[in-house]
Amino acid sequence: MTTIDVAEQVMPGKADVLLHASIPTGWKRVRMHKLMVNATLGVLGIVFLLPLIWLVDSAFNTHATASLGAPALSLANFRAALAAGAGGAIKNSLYLAVVSTLIATAVSTLAAYTLSRRRVPFKSTLLLGVLFLTGLPVTLLLIPTYEIFVHLGWANSPFYTSLVLAATSVPFAVWLLKNFIDQVPKEFEEAAAIEGTTEMRILWKIVIPLSLPGILVAAILTFINSWGAFLIPLVLDANPGNTPGAVGIYQFMSANGTVQFGPLAAYGILFSLPVVVLYLVCSRWLNGGFAFAGGVKG
Amino acid sequence: MAKIVLQGVTKLFKGKNSAAVYDLDLEVEDGEFLVVVGPSGCGKTTTLRMLAGFETPSRGVVQIGGKTMNDVMPKDRNLAMVFQNYALFPHMTVEKNLAFGMKVRRTPKASIGREIREIAEMLEISELLGRKPAELSGGERQRVALGRALLRRPQAFLLDEPLSNLDAALRAQMRIELKRIHAQYPVTTVYVTHDQVEAMTMADRVVLMQGGRLQQLATPEMLYDQPVNAFVASFVGSPKINLFPGRVVQDGSGPKVSFLTASYALNGSHGATFDAVSTREVTVGFRPEEIRLATGNDPELPVVKATVELVEPLGSETHVVARVGELVLTCKLPARCGLSAGDTVSLEFDTAQMKLFDTESGIRLG
């Protein structure tokens, strides 16, 4: 039997199914469909909301347990969290996140621009390699990286730890930004070039401003990734003074074999605040959307 | 101010069998307004991009202002270009767009402001200086793009279909404006378009390209009156030239061409071309204005009977589509000619401008 025969036998039935699926029979069907979608979303929303409610509730409850209870509205848990070094840990996290974000964003922007605009040998192989790397678990790299760090004397240094954090974010950021820069029409760069502009200036004045939303997304993702990083700073930096928030939070769970739910929740809220603020600040730019309208379309 | 010379320029793209531009020789005189015209894919934009430096010729030499430019970067060519889509920087105001190039070239701040004011006034965009490109209409964007190019003070202007995104009325207005600006700043200009009307109305000389090859380089009048081949003849002119299959035969008195239901004794230059041939298949070309209602004043002129299929009154004239057997022809008749579809008419062909082309190659024979 040839392939054409197969196709002819399969297609009519398939087409029928598609036809019926895509055309609702009436309003009732549409409303039923909507109801189902909203109900599913509602259930999912509650599933995600419950832990958050618990977090806020327990943070203010001096007798917090693993279950929800009436809050006592006390700041004692926050005081306990700060006494346990939450302030310093957040500062350490901030250092790791900011430095790794700056490095990763700068490196991946340059790499993405080159991959987007220049003729690079084995480009598609390279890009697929980068994509593959985004899926690689960090644990795989950690032991050899630790060996290298010990060898080079880089261990216990927040800067070199940030470097590794940046490296783990670069593949995804390059992939994201390359696709973003691909969308920037080349005419802008050509128009700038014919005005006598050097390539560095074109990158700085034209490409980067026009790719800013993409760069921002890459930066935020890197920041969040570094902010929440646990394993890398735990292994590469044994100095207690350098402990970042994600590692520091661990102390409430193992101390005396019990879990101090109240301070843990308060610490969690303090630890998530910078990310929430970052998100609020950036969402203005991100939601505003960005079009090249007016520049090249008539 | 500069002369542009292309010598044997060929552009091959990877993965394409035929050249985008093939063996192009071209000289654009200093201050000339040259229009490159042709159907899409004819190589006209590739040619312009090679002048700008965005593409490197595979073979041949590009010279601007006496300097070979093959290996010179676009930024060092001192050219200005207006892009089909304007390519105004969307994140900058009109003023910043205009100032961009001057800042790059380190023009003193005071003169940047003055020059922008002057050019904005000339292009009537003074009120738009604070706006972003997205807030402008097509015509306004066009002016800003033009202003940016003018401020470059280039040795040559390159324009890539600059009017194709405008509506018809604005296009006609901008045609006149561009001509005026060129008269004011007579800088060598290469203007690419697919619109033969733009080519005919604006050019000092026109380059007509097809399939990556130059078909003819001539003044608009020459292109219209003396096309070198059937393609040029049919590309230029609206409505299109009528092309009929015909045959030249010898009889006792000399060569004769027969087409449609008519026959005409070739004399003068036509006759000389065909003196030696016995029989030859040709394509006979008459422009629509060379076909008129038969008057009978000159019995030598070929006359055919035709059936009117379509009448298009344009006010100042009437375009009539008529059928002769299998073939359809278009003629320009005076306004209010009183014809309607279905009428049978006698049409007379003015042979003074009759064009004969070789049927196979399309080359003009006489």
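Predicted model: local features only at pLDDT ≥ 70, side-chain atom pairs only at ≥ 80, totals over all residues.
A nonpolar surface patch of about 590 Å² is formed by A:V37, A:L41, A:V43, A:L44, A:V47 and A:F48. Patches of this kind join nonpolar side chains (Val, Leu, Ile, Met, Phe, Trp, Tyr) within 5 Å, taking residues with over 30% relative accessible area and no salt bridge; a salt bridge is a side-chain nitrogen of Lys or Arg within 4 Å of a carboxyl oxygen of Asp or Glu. Accessible areas come from the Shrake-Rupley method with a 1.4 Å probe, and for residues only the protein chains shown count as cover.

Residues are numbered from 1 along each chain as its sequence is written, chains are lettered from A and ligands numbered from 1 in the order in which they are written, and side-chain values use heavy atoms, with hydrogens and water left out.

Chain A contains 13 helices and zero strands, and its pattern along the sequence is α-α-α-α-α-α-α-α-α-α-α-α-α. Helices (H or I, at least four residues) and strands (E, at least two) are DSSP runs, numbered from the N terminus. Of the 298 residues in chain A, 36% are buried; buried means under 20% relative accessible area, exposed over 50%, and partly exposed in between (1.4 Å probe, protein chains only).

The empty space comes next. Rolling a probe the size of a water molecule over the atoms shows where such space is left. On a 1 Å grid over the protein atoms alone, a cavity is a set of points where a 1.4 Å probe fits but cannot get out, while a pocket is an open set with protein on both sides within 12 Å along at least five of seven lines; lining residues have an atom within 4 Å of a point. Grid points are joined across faces, edges and corners, and a volume is the space filled by probe spheres set on the points.

The largest pocket holds about 940 Å³ of space. Its lining comprises 27 residues, and A:R117, A:R118, B:G53, B:F54 and B:P74 lie nearest its centre. Two or more lining residues come from each of α4 (86-117), α8 (186-194) and α9 (199-227) of chain A, with α8(A) giving the most, four residues. By class, this lining has seven nonpolar, six polar and 14 charged residues. Here Ala, Val, Leu, Ile, Met, Phe, Trp, Tyr, Cys and Pro count as nonpolar, Asp, Glu, Lys and Arg as charged, and the others, Gly among them, as polar.

The second largest pocket has about 460 Å³ of space. Among its 23 lining residues, A:V138, A:A167, A:T168, A:S169 and A:N225 lie nearest the centre. Elements of chain A that give two or more residues to this lining are α5 (123-134), α6 (138-152), α7 (158-182), α9 and α10 (231-236). The largest share, eight residues, comes from α7(A). The lining consists of 17 nonpolar and six polar residues, with no charged residues.

Two cavities of 30 Å³ or more are counted. The largest cavity has a volume of about 120 Å³; its lining includes B:F33, B:V82, B:L146 and B:F157. In chain B, α4 (138-151), β7 and α5 each give two or more residues to that lining, which has 10 nonpolar, two polar and no charged residues.

The second largest cavity has about 30 Å³ of space. It is lined by A:A191, A:I194, A:E195, B:A80, B:M81, B:F83, B:R148 and B:A149. At least two residues of this lining are supplied by each of α8 of chain A and β6 and α4 of chain B. Six of the lining residues are nonpolar and two are charged, with no polar residues.

Most residues other than glycine have a negative phi, and most peptide bonds are trans. A cis peptide bond joins B:S238 and B:P239, with omega about -5°; B:P239 lies in the loop between α8 (230-235) and β11 (242-251) of chain B. B:N78, which is not a glycine, has a positive phi of about 55° and is placed in the loop between β5 (67-68) and β6 (79-82) of chain B. B:N78 counts as partly exposed because its relative accessibility is 30%. B:E161 also has a positive phi, near 45°, and lies in the loop between β7 (156-160) and α5 (168-184) of chain B. B:E161 counts as buried, because its relative accessibility is 8%.

Conventions
Patch = residues over 30% accessible without salt bridge, like charges linked within 9 Å, V, L, I, M, F, W, Y side chains within 5 Å.
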